[in-house]
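Please work through the exercises below with the sequence and the model at hand, and try each task before reading its solution.

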Amino acid sequence: MNGPQKFQDALKQEKPLQIAGTLNAYTALLARRAGFKAIYLSGAGVANSSFGIPDLGFTTLENVAEDARRITGAVDLPLLVDIDTGWEDAGKTVREMEKAGVAALHMEDQIDAKRCGHRPNKQLVSREEMGDRLKAAVDARKDRNFVIMARCDALANEGLEAVIERSAYYVTCGADAIFAEAMTDLAHYDKIKKAVKVPLLANITEFGKTDLYTTKLLAAHGVDMALYPLSAFRAMSRAAENVYKVLREEGTQKSVLDTMQTRQELYEVLDYFKLEEKIDRETKGHEHTGSSKKPR
């Protein structure tokens with residue numbers, strides 16, 4: 001079963017579907033071990049973690065596609081990807097994401113010089129321009145199950161009625177799902193879902209405009225997907241800061257060992273021991289046959 005079909009199936013199996021933000025292949029492995037049925041690659045995550053820059057529209061299609069390929073190469077979980085505003089050609093972006101093994105993507109209705117959805121001074125394109133982006137994306141996809149999601153950032157500038165109007169229009173342009181960004185009330189989701197009648201995503205990101213609603217509350221208000229884009233990244237970053245600080249101040253990492261994943265645990269995630277045993281068996285086999293061929 002391919003990624004898009006897995007994503008569609010996961011939407012039916014879990015309400016709301018919890019989607020964990022993953023920065024790279026290794027965090028994707030951790031998310032799979034935790035039991036998530038779908039994972040996410042954040043545009044901010046690519047900018048912040050892969051390039052050390054702010055999420056202000058500086059990263060490119062290739063930057064994001066490369067990180068996506070690494071993740072889909074490591075796990076078989078369906079991957080949702082943030083493609084910002086679609087870059088210069090939404091159709092090309094969709095084709096590249098499908099080639100990268102991505103299952104779903106979301107595209108937003110901001111101008112190309114976009115901002116984080118929870119920051120002030122966002123500027124939006126017209127609903128018609130966003131509609132053209134969506135139509136190009138839909139026309140370009142090869143797999144009908146590949147999910148094209150429209151993210152609407154209109155609440156802060158234009159109000160809830162505009163979010164509802166825009167989102168309903170985006171569905172007529174081919175959007176399979178709606179990402180309602182930076183909602184400030186659970187009732188917003190009820191009203192949007194009633195209008196659009198397609199799967200609805202809530203972005204449950206920390207330190208933003210939206211409260212950290214539980215999955216039970218979200219399900220009761222029509223939400224089909226709960227996204228946690230950078231939760232692990234924030235925790236990892238704080239842990240790294242602490243370790244670096246302790247190393248400089250104490251001259252040893254002894255006092256923070258209990259905050260670290262052990263070597264044994266790392267190897268278990270990576271299936272290190274199984275692969276090592278395979279290499280050992282092949283090496284012994286080559287010794288017995290006198291072959292000089294190196295183990296693979």
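The model is predicted, so local features need pLDDT of at least 70 and side-chain atom pairs count only at pLDDT 80 or more, while totals for chains, interfaces and linings use all residues. Residues are numbered from 1 along each chain as its sequence is written, and side-chain values use heavy atoms, with hydrogens and water left out.

**Exercise 1.** Determine how helix H5 packs on helix H6, and which residues meet.

Step 1. On the H5 side, Ala 90, Gly 91, Val 94, Arg 95 and Glu 98 meet Arg 133, Ala 136, Ala 137 and Ala 140 of H6, where contact means heavy atoms within 4.5 Å. By class, the residues of this contact divide into five nonpolar, one polar and three charged.

**Exercise 2.** Classify the angle between H3 and H4, and list their contact residues.

Step 1. The axes of H3 and helix H4 (residues 61-74) cross at roughly 85° and come within 10 Å; the two helices are therefore roughly perpendicular to each other.

Step 2. Val 46, Ser 50 and Phe 51 of H3 meet Asn 63, Val 64 and Asp 67 of H4, a contact with three nonpolar, two polar and one charged residues.

**Exercise 3.** Describe the linings of the largest pocket and the second largest pocket by residue class.

Step 1. About 380 Å³ of space lies in the largest pocket, and its lining of 26 residues has Ala 44, Cys 116, Thr 205, Leu 230 and Arg 234 nearest the centre. Helix H3 (43-51) and helix H11 (231-250) are the elements that give two or more residues to that lining, which by class has nine nonpolar, eight polar and nine charged residues.

Step 2. The second largest pocket, with a volume of about 300 Å³, is lined by 13 residues, among them Met 236, Ala 239 and Thr 259. H11 gives the largest share of this lining, six residues. By class, the lining of the second largest pocket has nine nonpolar, four polar and no charged residues.

Note on methods. Axes are lines fitted to C-alpha atoms, for helices over the stretch in contact, and angles run from 0 to 180 degrees between N-to-C directions. Helices (H or I, at least four residues) and strands (E, at least two) are DSSP runs, numbered from the N terminus. Ala, Val, Leu, Ile, Met, Phe, Trp, Tyr, Cys and Pro count as nonpolar, Asp, Glu, Lys and Arg as charged, and the others, Gly among them, as polar. On a 1 Å grid over the protein atoms alone, a cavity is a set of points where a 1.4 Å probe fits but cannot get out, and a pocket is an open set with protein on both sides within 12 Å along at least five of seven lines; lining residues have an atom within 4 Å of a point. Grid points are joined across faces, edges and corners, and a volume is the space filled by probe spheres set on the points. Angles under 35 degrees count as roughly parallel, over 145 as roughly antiparallel, 65 to 115 as roughly perpendicular and the rest as oblique.
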